[in-house]
Amino acid sequence: MQIFKTLATDTMLWLAAAAAIITSFLSTPQVADINFHTLYSLLSMMILVQILEDIGLLQYFSSKFTAKARDTRQLMWMLVILAFGGAMLITNDVTVLIMVPLFFRAGHQPHTNQIWGVVLITAAANIGSALTPFGNTHNLFLLSHYNLALFDFFKISVPYSLLGLLLLLLITWVLIKPRALEVHVKHYNIQPRALIIALIVTIITFLAVFKIIPTLIAVAVAVTAAILLDKAILFRVDYATILTFLCFFVAVGNISRFPSIARVLQNLVHTPQSTFLTAVGFSQFMSNVPATILIAKFTQNIPAIFLGTNTGGLGTTIASMCNLLAYKQYIIHSQKRHLGAYFVHSLLVNLILLIIIGLLSWGLMLIFP
């Protein structure tokens, strides 16, 4: 079955499971370590994401907008904006899985730089995903872990994401020269009934994430909607991410009770500035999702950890799962051409974004201490 195949081949899940098992020798796991609100919210969100993907919402808007592009720069601006907006609703990972193949179909012409295209789409998905709790899984965790109010979340996420988008549009203008092209894309249609159901699930999930209604209600509504639309949707849900979070909760809980490790981590996050730098640094080699769960256990510097882990997703290929998925998509659609050049270009753009957005985030921390 596809579900078991996905679970068996998910590297992050196996790493998280190994961490949970190994750390259990240091400390006895406790049920209190598990944030069930986050897990239930994730489940309802993952079902919602699959529903939105199934009805072709992002594909519909992508085909409408990209068909209007008349040169390479216009095409990339549209794809960057679409990736940014799509990641807000269906996560950065799913956005990359949809947008990169679409880009290769829409921009499959000799003078279209495919490397820059994939790199910019990925960066836009990472930055756009920071805007909403639905955009990436670590935002959802932070919202639940710190019991953040709607206003408190958006007052940090909105300026960060909008500044990032403006920077991306500027970089796109610099990198992509306007050369005439004719875009050929498949046109998608959305059934009104499916769209209405998806909107209802979105509203219910949103209310559950912000603890206005119980999360189990959102799960029940999402499951019911998936069955009404297409039962196969439930078999395509990313259950690996939910199990990965469960393993990370166990591992982090175990680590937090081991005195010497806990002291080191507490020293690393005792100020907003050190929390920010630790979040950025840890994300570069362990990805921003586990970095978020680990650091949040030892700090109340909420703006610093939010800005640090979202900024930290920009950087190395493993800084976020989105980056890794984009690289895999590039391998598939480019037929393994110019992989070295992709690494260089990706690292260059990500380092530029990491430095500039890092400085902007530092300023935002001063505004929202």
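Which side chains meet in a salt bridge at 2.9 Å, N to O? Select Asp 33 and Arg 257: their side chains form that pair. A salt bridge here is a side-chain nitrogen of Lys or Arg within 4 Å of a carboxyl oxygen of Asp or Glu. Asp 33 lies in the loop between α2 (11-23) and α3 (36-55), and Arg 257 in the loop between α12 (239-256) and α13 (259-268), so the pair ties together parts that are 224 residues apart in sequence.

Before going on, note that this is a predicted model, in which local features need pLDDT of at least 70, side-chain atom pairs count only at pLDDT 80 or more, and totals for chains, interfaces and linings use all residues. Residues are numbered from 1 along each chain as its sequence is written, and side-chain values use heavy atoms, with hydrogens and water left out.

**The whole chain**

Show the chain as a cartoon. It has 18 helices and zero strands. Helices (H or I, at least four residues) and strands (E, at least two) are DSSP runs, numbered from the N terminus. Along the principal axes, the C-alpha atoms fill a box of roughly 60 × 45 × 40 Å.

Now switch to a surface view. The accessible surface of the chain is about 16100 Å², and 71% of it belongs to carbon and sulfur atoms. Accessible areas come from the Shrake-Rupley method with a 1.4 Å probe; for residues, only the protein chains shown count as cover. Of the 369 residues, 56% count as buried. Buried means under 20% relative accessible area, exposed over 50%, and partly exposed in between (1.4 Å probe, protein chains only). Among contacts with a separation of 6 or more, 80% are between residues 24 or more positions apart; contact means heavy atoms within 4.5 Å.

**Back to Asp 33**

Lys 297 sits in the loop between α15 (288-296) and α16 (302-312), so its pairing with Asp 33 ties together parts that are 264 residues apart in sequence.

Is Asp 33 buried or exposed? Asp 33 is buried, with a relative accessible area of 10%. Arg 257 is partly exposed at 29%, and Lys 297 is partly exposed at 36%.

Next, select Asp 54 and Arg 236. Their closest N and O atoms are 2.6 Å apart, in a salt bridge. Asp 54 lies in helix α3 and Arg 236 in the loop between α11 (215-229) and α12, so the pair ties together parts that are 182 residues apart in sequence. Asp 54 is partly exposed at 35% relative accessibility, as is Arg 236 at 37%. The count for the structure comes to four salt bridges.

**Helix α16**

How many of the residues of α16 are buried? Select the helix: eleven of its eleven residues are buried. Among them are Ile 302, Pro 303, Phe 306, Asn 310 and Gly 312. To see what covers these residues, show α8 (137-145), α9, α14 (272-286), α15 and α18, which are included in the cover.

**Ser 287**

Move to Ser 287, in the loop between α14 and α15. Ser 287 is buried, with a relative accessible area of 3%. Leaving aside neighbours within four places in sequence, Ser 287 is in contact with Met 12, Phe 282, Ile 318, Ala 319, Ser 320 and Met 321.

**A nonpolar patch**

Select Leu 163, Leu 166, Leu 348, Ile 352, Ile 355, Ile 356, Leu 359 and Leu 360. These residues form a nonpolar patch on the surface, with about 720 Å² of accessible area together. The elements that give two or more residues to this patch are α9 (150-175) and α18 (339-367). The largest share, six residues, comes from α18. Patches are made of residues with over 30% relative accessible area and no salt bridge; like charges are joined within 9 Å, and nonpolar side chains (Val, Leu, Ile, Met, Phe, Trp, Tyr) within 5 Å. Leu 166, found in helix α9, is exposed at 57% relative accessibility.

**Cysteines**

Finish with Cys 247 and Cys 322. Cys 247 counts as buried at 15% relative accessibility, and Cys 322 is buried at 0%. A search of the whole structure finds zero disulfides, a disulfide being a pair of cysteine sulfur atoms within 2.5 Å.
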